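Me: I have a chain open here and want a quick tour. Can we go piece by piece?

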Amino acid sequence: MNTPHVPEQPADDSPSRRGRPPEPICDDAGATHRTWLETVRSRLVASGLTLDELVSRSGYSKTRLSELLRGKGYYPGWEITYSVVKALDIPPWPVRRLWTAAAREAEKDPAWIKNGIQAVQPLGPDQPPTAHFGFTQTMNCPYTAYARAFLQEDQRARRVVGETFDILWLNWDEATTSPETPRHAWQLLRSKVMARAFQRDGHPDLRAAAFHTVAQARIDDLAERMASIDKLAGFFDAIACLPPDQMDVTVLRYLCGIHPDAVHGIVGLPQAIAHTLDHHARGALNGLYPHTDTQE
């Protein structure tokens with residue numbers, strides 16, 4: 001009598017179990033913490049390593065690594081974070097910058113951050129891919145100007161642009177697999193800026209930009225200047241209510257002073273589309289504020 005064949009269940013370390021996604025990231029993980037953690041998690045899955053193999057390569061226990069991968073508990077030190085980054089062959093410099101920014105968001109003491117960094121061997125030269133370096137050199141000024149229009153502070157603007165470039169570096173191979181790299185990068189920057197911008201009635205608040213226009217700065221009479229600022233505040237509020245692409249083109253061209261021929265390359269859209277967006281935006285704004293010079 002033949003006994004039916006019962007297939008064996010795969011062991012935990014069988015190929016079908018390798019590279020399984022970790023459990024979801026905890027809800028209380030901060031925005032920047034989640035940014036670098038998502039990259040680490042995706043690299044772990046792509047590597048095909050099991051958690052046991054990551055334990056062996058990193059030198060840390062399964063419990064601690066599971067907590068790190070979920071963003072659970074206390075914010076992880078740089079030493080354990082770097083051990084995972086090294087094990088997964090992830091560029092350490094962008095992760096360290098993102099880790100530092102997330103540590104600040106988690107209100108970690110500056111001495112704790114510094115000591116954690118010093119506990120790890122030097123990382124070697126900070127060398128992004130050549131194409132990535134060229135891209136950042138080209139986009140740094142317009143990206144920073146755009147971020148400054150919404151965030152108002154130079155330091156906040158530079159930080160969000162730096163974060164964007166570091167995320168791009170970590171995912172550069174993926175970002176360059178399509179011809180739409182500038183569009184991908186712009187949408188990443190935009191999402192980071194909007195996450196930090198003050199919101200008003202569901203739109204980013206651009207009214208503070210009214211205090212920094214060249215036109216109102218030339219007005220000597222205080223009452224006249226305040227009236228000008230009040231008018232411009234309403235005008236900039238209308239800009240913030242435009243559809244996203246129209247708003248972006250308008251902010252870059254008229255608030256940041258970007259040359260019209262350069263705008264399309266920054267936002268990653270064909271020139272004809274960028275021109276159409278500009279045309280429709282100006283039409284909508286002129287309908288609301290017919291006597292306002294867009295270039296103020």
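Me: Is Gln 152 buried, partly exposed or exposed?

Reply: This is a predicted model, so keep that in mind throughout. Gln 152 is partly exposed, at a relative accessible area of 27%.

Me: Where does Gln 152 sit?

Reply: In the loop between helix H7 (130-151) and H8.

Me: OK, step back. How many helices and strands does the protein chain have?

Reply: The chain has 15 helices and two strands. It runs to 296 residues, and 42% of them count as buried.

Me: What share of the contacts links residues 24 or more positions apart?

Reply: Such pairs make up 67% of the contacts with a separation of 6 or more.

Me: Let's do H5. What is its reach, end to end?

Reply: H5 covers residues 92-105. It has 14 residues and reaches 20 Å from its first C-alpha to its last. That is close to the 20 Å expected at 1.5 Å a residue.

Me: Which residues of H5 are buried?

Reply: Pro 94, Val 95, Leu 98, Trp 99, Thr 100, Ala 102 and Ala 103.

Me: And what do the buried residues of H5 pack against?

Reply: Four helices: H1 (31-47), H4, H6 and H8 (154-170).

Me: What comes after H5?

Reply: Glu 107 follows H5, and its phi is positive, near 60°.

Me: Take H6 from that list. At what angle do H5 and H6 pack?

Reply: About 155°, with the axes 10 Å apart. So H5 is roughly antiparallel to H6. The crossing of H5 past H6 is right-handed.

Me: Which residues meet there?

Reply: From H5, Arg 96, Trp 99, Thr 100, Ala 103 and Arg 104. From H6, Trp 112, Ile 113 and Ile 117. By class, the contact has five nonpolar, one polar and two charged residues.

Me: Now H1 and H8. How do their axes cross?

Reply: At roughly 5°, and they come within 11 Å. H1 and H8 are therefore roughly parallel to each other.

Me: What is Trp 78 in contact with, leaving aside neighbours within four places in sequence?

Reply: Eight residues are on the list: Pro 92, Val 95, Arg 96, Trp 99, Gly 116, Ile 117, Val 120 and Leu 123.

Me: What about Thr 81, buried or exposed?

Reply: Thr 81 is in H4, residues 78-87. It is buried, with a relative accessible area of 1%. Leaving aside neighbours within four places in sequence, Thr 81 is in contact with Trp 36, Leu 68, Pro 76, Val 95 and Trp 99.

Me: Change of topic. How many residues does H10 have?

Reply: H10 has 16 residues, 181-196. It reaches 23 Å from first C-alpha to last, close to the 22 Å expected at 1.5 Å a residue.

Me: Which residues of H10 are buried?

Reply: Thr 181, Arg 183, Ala 185, Trp 186, Leu 188, Leu 189, Arg 190, Lys 192, Val 193 and Met 194.

Me: Last one. Where is Gln 246?

Reply: In helix H13, residues 244-255. Gln 246 counts as buried, at 14% relative accessibility. Leaving aside neighbours within four places in sequence, Gln 246 is in contact with Leu 277, His 280 and Ala 281.

Terms used. Residues are numbered from 1 along each chain as its sequence is written. This is a predicted model: local features need pLDDT of at least 70, side-chain atom pairs count only at pLDDT 80 or more; totals for chains, interfaces and linings use all residues. Side-chain values use heavy atoms; hydrogens and water are left out. Axes are lines fitted to C-alpha atoms, for helices over the stretch in contact, and angles run from 0 to 180 degrees between N-to-C directions. Angles under 35 degrees count as roughly parallel, over 145 as roughly antiparallel, 65 to 115 as roughly perpendicular and the rest as oblique. A crossing is left-handed if the near helix is turned anticlockwise from the far one by less than a right angle, and right-handed if clockwise. Contact means heavy atoms within 4.5 Å. Ala, Val, Leu, Ile, Met, Phe, Trp, Tyr, Cys and Pro count as nonpolar, Asp, Glu, Lys and Arg as charged, and the others, Gly among them, as polar. Buried means under 20% relative accessible area, exposed over 50%, partly exposed in between (1.4 Å probe, protein chains only). The expected span of a helix is 1.5 Å times one less than its number of residues.
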